Every structure is written in structure tokens, then in C-alpha cells.
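Student: I would like a close look at one part of this model, the strands and the contacts that go with them. Please take the pairing as the starting point.

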Amino acid sequence: MEREVYAYKCQKCGTLHYPFRMVCKNCRSNDYFEFDTEPLPRTGKLVTFTFIHNLPAEFEVARLGLGIVELENGMKVTGQVDIDEPELGMPVVGSVEVVKRDAYDNRYGFVFRAA
């Protein structure tokens, strides 16, 4: 089963939000039940990135790439970047994967690779 990350679409005005907001940033509707879920696209372009080198031991990697990606629908999301030499503006494709393993649960998020 492939996992998804969802945006939240206001039923009143159609504005997409990610992450979830209690109040629509466009029409100010604030009813929790007035948002529909919509899967986020998986393709986009890399807007910015950085590498973290001093990670806690539970990450079990020497360096971790993080980036902001503008998805094909215009929304911006943060995720891990699994690209040796990323370049600004490069096309990327994301998948939802385990980004951190806890003692009792796995944490999932976007991992982006070169398209």
C-alpha cells in the first residue's frame, strides 16, 4: 500500500492548505468539517536545501538532506532530500517513506529524489 500526504481543501472557497489549518486562510471559514482531503502531487522542483551533519544517534546516517519543494500544484512542502548533489530548481519526485524510527512507532514524511 502506497502512503499519501494530504492537503486540505476548503469546501466554501476551494483553497488548498498544507499543513492543516483550523481556519481557511482565504475565506476565514473555521469549521473543522468543512475541509476535504486531497492527495498532494509527488512531483515538483527543489526551491532550497541544506545538509545537517551533526544528527542525533537515532538517525543512523552521517548527513541528512532537507529541502523545500514546490509541488506541481504550487504548494510548498518540506521533506528529506536524497540527492548527492542537489541543484536549485531541479525536478524532483517524492515518495512517502519512514523518515525516523521510534521505539514504538515509525514517522513518515516525504523523501525527494531526482526526477
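In which sense do strand 4 and strand 5 pair, and over how many bridges?

Tutor: The model is predicted, so local features need pLDDT of at least 70 and side-chain atom pairs count only at pLDDT 80 or more, while totals for chains, interfaces and linings use all residues. Residues are numbered from 1 along each chain as its sequence is written, and side-chain values use heavy atoms, with hydrogens and water left out.

Strand 4 (residues 43-52) and strand 5 (residues 64-71) pair in the antiparallel sense over 8 bridges. Strands here are DSSP runs of E with at least two residues, numbered from the N terminus, and two strands pair if DSSP finds at least two bridges between them. One of the bridges joins I52 to L64 in strand 5.

Strand 5 also pairs with strand 6, again in the antiparallel sense, over 5 bridges; G67 has G79 of strand 6 as its bridge partner. The hairpin of strand 5 and strand 6 has 4 residues between the strands, and G74 there takes a positive phi near 95 degrees.

From strand 6 (residues 76-81) the pairing passes to strand 8 (residues 106-114), in the parallel sense and over 2 bridges. V81 is bridged to F112 of strand 8. A hairpin through 4 residues joins strand 7 to strand 8.

Not counting residues up to four places away in sequence, L40 touches (heavy atoms within 4.5 Å) residues including L71, M75, V77 and F110.

D82 and R113 meet in one of them, at 3.3 Å from N to O. That pair links distant parts of the chain, with D82 in the loop between strand 6 and strand 7, 31 residues from R113 in strand 8. E97 and R113 form another, at 2.7 Å from N to O; E97 lies in strand 7, 16 residues apart from R113. Burial classes are set by relative accessible area: buried is under 20%, exposed is over 50%, and partly exposed is in between, with a 1.4 Å probe and protein chains only. D82 is partly exposed at 45%, R113 is partly exposed at 31%, and E97 is partly exposed at 26%.

R42 counts as buried at 15% relative accessibility, whereas E2 counts as exposed at 58%.

Notes: Salt bridge = Lys/Arg side-chain N within 4 Å of Asp/Glu carboxyl O.
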